[in-house]
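Thanks, everyone, for making the time this morning.

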Amino acid sequence: MLAILQGGAYNVREATIGGITLKELAQIASAVQVSSTMAMDALAKQMAADGVDVVGFGAGEPDFNTPDHIKAAAVRAIAENITRYTPASGTAALKQAVCRRVKEDFGLDYQPSQVVATSGAKHCVYIALRALVNPGDEVILPAPFWVSYLELIKMAGGTPVVVSAPESARFKITAGQLAAAVTPRTKALVLNNPCNPTGTVYTKEELAALAKVCVEKDIYVISDEIYCGLLYGGVKTASFASLGEDIKERAILINGVSKSYAMTGWRIGYLLSSEKIAKVMANYLSHSTGSPGSVSQAASVAALIGPQDCVEAMRRAFEERRNYIVSRVNTMDGVSCVKPDGAFYIMMNVEKQLGRTLHGELIQSSDDFSAALLKHGLVATVPGSGMGAPSFVRWSYATSMDNIKKGMDRLEAFLRG
Ligand SMILES: Cc1ncc(COP(=O)(O)O)c(C=O)c1O
């Protein structure tokens with residue numbers, strides 16, 4: 001048993017394990033909070049394993065299987081003994097495939113020397129921050145935000161500066177807000193477009209206005225575009241780096257195969273940047289994770305340069321689910337949501353539920369709401385408190401239509417109290 005003794009900023013000055021007193025653990029690491037998304041997902045999976053009929057809307061993970069041609073490429077790679085270390089920043093084949101994809105999708109010209117492949121896009125965000133941030137540098141983060149950004153900024157020694165993107169503005173920040181948040185210590189903006197958790201998609205013009213501020217104020221942008229393949233209702237957006245040479249130099253684009261190709265378990269993400277930044281990140285990787293998995297890289301090449309109709313088929317299914325879940329939520333009393341244009345999440349506004357007692361539970365926060373909904377409605381969601389959105393609950397609709405219908409019926413019954 002680990003008994004933490006009081007003292008110091010993070011209560012980790014000393015730890016006693018089995019009667020042996022040890023020196024304090026690292027303060028930055030000890031301050032890292034558990035991911036609320038992963039915690040909720042683990043709890044729902046545990047309940048299901050225990051035989052409870054819980055419906056999970058917590059995980060941001062497509063329920064589709066990885067397409068067959070991608071799996072076949074992995075099988076071939078194993079048969080051909082592509083099972084050894086690769087260069088730390090990825091194989092030449094993967095880097096070329098990434099360049100081809102961004103050219104086709106966004107008209108972007110990048111060279112393989114500007115590409116870095118990692119073990120998942122989450123790690124891309126981490127090494128991008130590691131490449132840019134000195135201790136105490138400020139990093140601007142629009143809220144609501146993906147839970148990991150806040151922790152990753154702190155893990156890199158940075159100071160998050162949270163800028164509110166209210167529901168009334170469809171969860172978008174303006175160029176004026178961005179400019180007002182910049183100080184002499186600002187190093188970067190982290191922008192997620194399309195956004196987890198809100199599904200918000202910025203127009204090209206809105207992005208151009210943000211890019212102008214980044215160039216004028218000379219700050220970098222970490223542009224996480226991992227949901228770029230999931231846009232609905234014919235909306236269009238742009239890649240941040242396509243907005244001009246000045247911003248391209250300052251942009252680190254992040255993407256990966258997890259969401260568009262239903263490949264969450266394969267753990268391949270990639271980033272594109274100036275050659276100088278790419279080299280720093282590659283060096284960092286070479287001493288931390290080393291190369292990403294060789295078989296997964298081969299599979300990702302097949303995903304990126306192979307037929308793209310699988311992406312479109314999944315996108316269409318997500319759009320149908322989005323339409324359904326949004327219309328159901330917005331017909332219920334006391335909850336509502338904005339119709340998102342991308343990704344696979346809705347942010348349900350639960351402000352009107354605060355102060356109510358539901359099924360004997362006093363609801364004072366989105367955490368209380370999610371906990372009560374899980375306990376009494378057997379529906380797993382993620383409270384917005386960890387995402388800078390305390391009056392909201394996030395639903396991932398990356399689950400079957402049957403589950404969504406069941407979840408909505410249960411929510412309706414739960415809200416009746
Ligand atoms: C915005 C965003 N970026 C990155 C990731 C991580 O993707 P990966 O599975 O490639 O690590 C996620 C996953 O939920 C995400 O929502």
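Let me begin with a question: is Ser-273 buried or exposed? Please keep in mind, as we look, that this is a predicted model. Ser-273 has a relative accessible area of 1%, and because the limit for calling a residue buried is under 20%, Ser-273 counts as buried.

As for where this serine sits in the chain, Ser-273 belongs to the loop that runs between strand 11, residues 269-272, and helix 10, residues 275-287. If we set aside the neighbours within four places in sequence, the residues in contact with Ser-273 are Tyr-110, Gln-114, Ala-251, Ile-252, Ala-278 and Met-281. With Ala-278 there is also a polar approach, in which a polar atom of the Ser-273 side chain lies 3.2 Å from the backbone nitrogen of Ala-278.

Now let me turn to the ligand. There are 13 residues around the ligand, and those that come nearest are Ala-121, Asn-196, Asp-224, Tyr-227 and Lys-259.

Looking at individual atoms, an oxygen of the ligand is 2.7 Å from an N or O atom in the side chain of Asn-196, and for the side chain of Lys-259 the distance from a ligand oxygen to an N or O atom is 2.7 Å. At Lys-122 it is a polar backbone atom that lies 3.0 Å from an oxygen atom of the ligand. Taken alone, the ligand exposes 400 Å², and the protein buries 92% of that area.

How values were computed. Residues numbered from 1 in each chain as written. Predicted model: local features only at pLDDT ≥ 70, side-chain atom pairs only at ≥ 80, totals over all residues. Heavy atoms only, no water. Helix = DSSP H or I, 4+ residues; strand = E, 2+ residues; numbered from the N terminus. Buried < 20%, exposed > 50% of the residue type's maximum accessible area, 1.4 Å probe, protein only. Polar contact = N/O pair within 3.5 Å; in protein donor to acceptor, adjacent residues only side chain to side chain. Contact = heavy atoms within 4.5 Å. Near = heavy atom within 4 Å. Areas by Shrake-Rupley, 256 points an atom, 1.4 Å probe, with all protein chains shown as cover.
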